[in-house]
Amino acid sequence: MTRDMDLVRDILLRLEQLPATRDEYVQVAVDGEIFRDLKASAPEIGYHVKLLIDHGFILSRSKRHPTIGFLFEGLSWEAHDFVDSVRNDDIWNKTKAGAQRAGGWTFELLRELAKSIIKHELGKYIPGVT
């Protein structure tokens, strides 16, 4: 299965909205309501959730079967940074277009490219920001 960065973004955006707090968790099923309207199957969502847990972006006590469901404790600082940089659909689309022109992408490259686009946009309103 290939990694789908649109799906990664969608998963992180959805999970960010959950009410997880310190020492508490939320039970999340990959075929549950939170992911119901995504254009991906439960196995695809589960695979991407496992990648995100393995990489430390999703904080979870579930290590055995995250492709079915998991105990969500929150997002890592790095995941929050990524979500904040690609939350805006216009920024996300520009980020993907730039990465496609470059011929490839990694998670870190997408985040840096999105930050660069945001800085460019800020420069239109705040002189000296580049």
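Within what distance do the axes of H3 and helix H5 come, and at roughly what angle do they cross?

A: The axes of H3 and helix H5 (residues 107–123) come within 9 Å and cross at roughly 45°. Axes here are lines fitted to C-alpha atoms, for helices over the stretch in contact, and angles run from 0 to 180 degrees between N-to-C directions. H3 and H5 are therefore oblique to each other; angles under 35 degrees count as roughly parallel, over 145 as roughly antiparallel, 65 to 115 as roughly perpendicular and the rest as oblique. The crossing of the two helices, H3 and H5, is left-handed, a term for a near helix turned anticlockwise from the far one by less than a right angle, with right-handed used if the turn is clockwise.

On the H3 side, the contact is made by Glu78, Asp81, Phe82, Asp84, Ser85 and Val86. H5 contributes Phe107, Glu108, Leu110, Arg111, Ala114, Lys115 and Ile118. Contact means heavy atoms within 4.5 Å. By class, six residues of the contact of H3 with H5 are nonpolar, one is polar and six are charged. In this scheme Ala, Val, Leu, Ile, Met, Phe, Trp, Tyr, Cys and Pro are nonpolar, Asp, Glu, Lys and Arg are charged, and the others, Gly among them, are polar.

The model is predicted, so local features need pLDDT of at least 70 and side-chain atom pairs count only at pLDDT 80 or more, while totals for chains, interfaces and linings use all residues. Residues are numbered from 1 along each chain as its sequence is written, and side-chain values use heavy atoms, with hydrogens and water left out.

Ser85 is found in helix H3 and counts as buried because its relative accessibility is 6%. Buried means under 20% relative accessible area, exposed over 50% and partly exposed in between, with a 1.4 Å probe and protein chains only. Not counting residues up to four places away in sequence, Ser85 touches Ile91, Arg111, Ala114, Lys115 and Ile118.

Thr95, placed in helix H4, is buried, with a relative accessible area of 0%. Once its neighbours within four places in sequence are left aside, Thr95 is in contact with Leu110, Leu113, Ala114 and Ile117. Asn93 is found in helix H4 as well, but at 43% relative accessibility it counts as partly exposed.

Rings of Phe, Tyr and Trp (its six-membered ring) pair if their centres lie within 6.5 Å, and planes under 30 degrees apart count as stacked, over 60 as edge-to-face and the rest as tilted. By this rule the count comes to two aromatic pairs. In one of them, the rings of Phe70 and Phe72 have centres 6.5 Å apart and planes at 85°, so the pair is edge-to-face. Phe70 and Phe72 are both buried. Phe82 and Trp92 form an edge-to-face pair too, at 6.3 Å centre to centre and 85° between the planes. Phe82 lies in helix H3 (residues 77–86) and Trp92 in helix H4 (residues 89–102), so this pair ties together parts that are 10 residues apart in sequence. Both Phe82 and Trp92 are buried.

H4 packs against H1 as well. Helix H1 (residues 5–16) and H4 meet at an angle of about 155°, with their axes 12 Å apart, and H1 and H4 are therefore roughly antiparallel to each other. H1 passes H4 in a right-handed crossing. Met5, Asp6 and Arg9 in H1 meet Asp89, Trp92 and Lys96 in H4. The contact of H1 with H4 has two nonpolar, no polar and four charged residues.

Helices (H or I, at least four residues) and strands (E, at least two) are DSSP runs, numbered from the N terminus. Of the 130 residues of the chain, 38% count as buried. The C-alpha trace spans about 50 × 35 × 25 Å along its principal axes.
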